[in-house]
Amino acid sequence: MDVEKFFCNPVPFSDGKRHTNPDPFVMRWCGTYYCYATDSDGVKVSISEDLVHWEYKGYAIKEPDKRDYWAPSVFYWNGVFYMYYSNLDREEEDGHKQWLKLAESKNPEGPFVWEKTFFNKFSIDSHPILWNEKLYMFYSVNDWIGTDEKVAGTIILLDEMLSPEQFAGNPKPVLLPTLEQEIFAKDRFGDGRDWYTLEGAATVVHGNHCFLTYSANAYVNVDYFVGTAVAENKENLLDMVWNKYPSNDIWMPLLHKNELVEGTGHNTIVKAPNMVDDWIVYHGRMAKEDLIPEKEQREMRMDPLMFNGLQMICNGPTQEAQKVPQMAAVCKNDLKINQQVWLAQMGKFYRCEYWISAAQNHIGCRYDIYLAWSDAQNYVKLQIHSGRSTCEMIECVNAVEQVLLSEKLEQNYDYTVPHCICVDRKKDKYTVILDEKYRFCDYAHRYDSQGKDRLGIETYFYDLTLHSFSVTETFDLTGKDLVYLDENYRLEQNVNVDDEGMAPKRHVLNMKSKLTKSDYVEEIQLEAVDHHGCVCIEIGEKNMTFMENEVGRYAIYRIADGDFSHLWVNGKEIKAFSDSGNTGMNLQLKNTRILQYCYTKNYTNC
């Protein structure tokens with residue numbers, strides 16, 4: 001077995017020792033993953049380049065008069081790392097005096113220094129999220145329903161942040177207890193009331209919905225589990241309505257104990273190095289080891305996620321060998337740039353990520369990121385100018401330049417610290433996300449590339465550091481972007497494409513694959529519009545019919561891996577079968593709408 005292609009949970013560490021990492025919060029910064037974890041003496045921090053192999057770096061924060069550091073999360077903005085966590089005074093005996101706090105650092109490994117305590121009440125399990133240029137915070141408290149007569153317990157709140165250091169002060173509940181499996185302790189206070197616990201919120205966006213994971217009951221229990229909820233995306237995160245999956249009355253956990261692992265819970269969801277695939281990182285205990293309440297036994301684990309309509313799917317908790325997360329097509333790290341440098345060549349569909357900082361200079365800084373470069377007279381580029389505080393998208397066709405759009409950046413934007421610039425290209429459409437906050441897109445209609453284009457950077461009269469660069473051949477289509485589906489499929493009937501998706505005009509759509517032999521993953525999210533909906537799949541000489549006479553949303557995943565194909569339909573795996581021709585997947589859709597299509601080419605090494 002190739003150790004570079006497979007791994008086993010719990011995730012391995014470089015020193016070969018077992019490490020406990022309860023409540024793992026994982027973030028990616030400058031191409032490196034950082035995990036922050038609960039510990040009695042401080043917040044533990046570990047790092048990884050590939051999300052699999054980890055190196056323990058010690059404590060990010062540790063104070064001599066504090067203990068029991070719980071559930072850290074970290075948010076990076078403009079050169080500062082903001083850590084949200086809770087702890088106790090070393091002599092404090094009341095565990096409910098875990099109050100949400102803030103510590104700051106200029107280094108992701110710390111040391112972090114306490115800045116403020118947000119609340120003088122039990123408040124834990126923060127999860128910061130940027131949403132449409134605003135910062136929000138999920139966190140858990142006891143007092144919202146703690147005095148209710150019927151259903152009392154710990155629940156998850158959501159509030160807007162006016163800055164990383166200040167709550168708006170208008171929280172709203174996200175989820176309320178509804179399931180018996182969410183009970184922390186029966187008759188906890190001797191007054192007949194059962195105490196429920198919902199905690200450990202984490203989010204991931206997929207298509208037009210935001211998915212939320214939460215942990216329920218007690219972390220010391222073997223039945224601790226991860227549940228899910230989903231909300232349709234809206235402009236304001238506070239306006240979104242979260243519904244447990246499949247309903248408030250049916251228990252269908254994403255992760256729960258099996259014969260090997262117990263106490264599964266408190267997770268984050270992070271992208272693989274290819275910037276596409278979602279992995280859930282969580283803690284669990286070895287089920288065959290005796291549970292020792294006073295001993296920490298929770299270790300970090302991770303498993304891949306899939307989406308089936310409004311359902312998240314995870315085959316964890318696993319302990320057998322499985323494939324490592326996919327790498328990007330090209331990765332480059334720690335480059336000093338003072339001229340024009342080319343980083344990769346890509347076609348008309350890709351996703352890339354730059355982490356860039358500029359040297360301090362009295363003349364300021366200006367640099368170009370080439371999103372597509374054919375030659376010196378034909379290109380599309382992004383230009384960042386410190387003096388004007390602008391980010392502009394520029395198109396040049398036959399030596400004629402024009403500015404497609406210009407965005408103003410905030411006044412205190414610090415160009416000397418690392419910033420993340422993500423780019424998605426879909427033929428003539430370019431979407432740019434700066435620091436996960438600024439999002440803008442435009443079309444370069446005049447620029448028509450031939451073959452593959454160069455991606456690169458050009459600086460003007462100063463030095464720039466490219467901390468990391470990654471790029472993957474992929475595209476994710478929803479709504480009107482489904483017009484680009486013809487890149488991979490020949491559509492044999494007319495279709496309508498609108499904000500809801502793609503639907504055949506006359507009830508039936510035949511789709512013939514254009515894909516040739518390579519390793520890739522296709523995901524197609526579908527919706528049968530009435531009881532006559534049906535999907536027929538053809539791969540090579542295999543003909544299959546699925547989802548006949550059913551209504552609702554579901555997904556097809558096709559994984560082309562060497563000479564084998566793996567097929568998932570409606571959350572169920574079809575056994576791998578030989579597909580040496582790797583001929584692509586042909587589909588016939590009857591009374592069925594395409595909601596989302598995602599294609600990603602897989603790469604073994606970076």
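Which residues are linked with R18 in a network of salt bridges? In this predicted model, the network joins R18, E289 and E299.

**Overall architecture**

The chain contains zero helices and 50 strands. Its radius of gyration is 25 Å, close to the 25 Å that the globule rule gives for 606 residues, so the chain is as compact as a globular protein of that length. The C-alpha trace spans about 75 × 70 × 50 Å along its principal axes. Of the 606 residues, 57% count as buried. Among contacts between residues at least 6 apart in sequence, 60% join residues at least 24 apart.

**Salt bridges**

The whole structure holds 28 salt bridges.

| Salt bridge | N to O distance | Separation in sequence |
|---|---|---|
| K323 and D561 | 2.4 Å | 238 residues |

R18 is exposed, at a relative accessible area of 53%, while E289 is partly exposed at 33%. Both residues belong to the network that also includes E299. K17 lies in the loop between β1 and β2 as well and counts as exposed, with 58% relative accessibility. The C-alpha atoms of K17 and I269 are separated by 25 Å, and the two residues are 252 apart along the chain.

K323 belongs to strand β25 and D561 to strand β46 (residues 552-561), so the pair ties together parts that are 238 residues apart in sequence. K323 is partly exposed, with a relative accessible area of 39%, and D561 is partly exposed at 26% relative accessibility.

K44 lies in strand β4 (residues 43-48). It is buried yet has no salt bridge. What is the nearest side chain of opposite charge to K44? That side chain is D39, 4.1 Å away, whereas a salt bridge requires a distance within 4 Å. The side chain of K44 does reach the backbone oxygen of T20, at 2.7 Å. Beyond residues up to four places away in sequence, K44 touches T20, C35, Y36, A37, T38, D39, Y56, G58 and Y59.

Strand β4 pairs with strand β5 (residues 54-61) in the antiparallel sense over five bridges. S48 stands opposite W54 in β5. Five residues lie between the strands of this hairpin, in which L51 takes a positive phi near 80°.

**S468 in strand β37**

S468 is found in strand β37 (residues 464-472) and counts as buried, at 2% relative accessibility. A polar atom of the S468 side chain lies 3.3 Å from the backbone nitrogen of G31. Leaving aside neighbours within four places in sequence, S468 is in contact with C30, G31, K332, N333, E353, Y354 and W355.

**Backbone geometry**

Most residues other than glycine have a negative phi, and most peptide bonds are trans. The peptide bond from N9 to P10 is cis, with omega near -5°, and P10 sits in the loop between β1 (6-7) and β2 (25-29). The bond from G316 to P317 is likewise cis, with omega near 0°; P317 lies in the loop between β24 (311-313) and β25 (322-323).

Positive phi values occur at N78, near 55°, and at E133, near 70°. N78 is found in the loop between β6 (66-77) and β7 (80-89) and is buried, with a relative accessible area of 13%. E133, in the loop between β10 (123-131) and β11 (134-141), is partly exposed at 40%.

How values were computed. Residues numbered from 1 in each chain as written. Heavy atoms only, no water. Helix = DSSP H or I, 4+ residues; strand = E, 2+ residues; numbered from the N terminus. Buried < 20%, exposed > 50% of the residue type's maximum accessible area, 1.4 Å probe, protein only. Lys, Arg positive; Asp, Glu negative; His and termini not counted. Polar contact = N/O pair within 3.5 Å; in protein donor to acceptor, adjacent residues only side chain to side chain. Contact = heavy atoms within 4.5 Å. Pairing = 2+ DSSP bridges. Rg over C-alpha atoms; globule rule 2.2 N^0.38 Å.
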